[in-house]
Amino acid sequence: MNIQNAQKAVDEWIKNHGVRYFNELTNMAQLTEEVGEVARIIARRYGEQSEKESDKNKDLGEELADVLFVVLCLANQTGIDLQASFDKKLDIKTKRDHERHHNNEKLK
């Protein structure tokens with residue numbers, strides 16, 4: 001599924017199951033909450049903190065999908081074609097960063 005189709009799928013889900021989009025500020029708060037859940041898993045599973053028993057069954061993929069869902073909601077409700085924006089950003093990063101990363105001694 002490409003990003004455009006993902007945006008359409010989220011929009012259809014909202015129309016069929018979600019009644020309406022939460023407003024942009026509510027969705028921004030939701031996004032922050034979801035990113036926090038991802039951060040908690042990463043910090044405890046891959047960082048130096050020990051993982052709590054209650055976190056051991058958390059699915060990182062599901063939490064990342066939650067982040068993506070809210071990002072797609074925000075794109076939809078603000079009229080952003082995220083596919084076009086992503087393609088443009090990838091092109092910019094490719095042109096700007098290729099040599100920079102290859103020449104970065106810290107990455108060798």
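The structure holds one aromatic pair, where rings of Phe, Tyr and Trp (its six-membered ring) count as paired if their centres lie within 6.5 Å. The rings of Trp 13 and Phe 69 have centres 5.6 Å apart and planes at 90°, so the pair is edge-to-face (over 60 degrees; under 30 is stacked, and the rest are tilted). This is a predicted model, in which local features need pLDDT of at least 70 and side-chain atom pairs count only at pLDDT 80 or more, whereas totals for chains, interfaces and linings use all residues. Residues are numbered from 1 along each chain as its sequence is written, and side-chain values use heavy atoms, with hydrogens and water left out.

**The aromatic pair**
- Trp 13 lies in helix α1 (residues 3–18) and Phe 69 in helix α3 (residues 60–77), so the pair ties together parts that are 56 residues apart in sequence; helices are DSSP runs (H or I, at least four residues) numbered from the N terminus.
- Trp 13 is partly exposed, with a relative accessible area of 40%, and Phe 69 is partly exposed at 30% (buried is under 20%, exposed over 50%, partly exposed in between, with a 1.4 Å probe and protein chains only).

**Helix α3**
- The buried residues of α3 include Leu 60, Val 67, Val 70 and Cys 73, and what covers the buried residues of α3 includes α1, α2 (24–45) and α4 (82–102).
- After α3 comes Gly 79, whose phi is positive, near 75°.

Technical notes:
Helices (H or I, at least four residues) and strands (E, at least two) are DSSP runs, numbered from the N terminus. Contact means heavy atoms within 4.5 Å.
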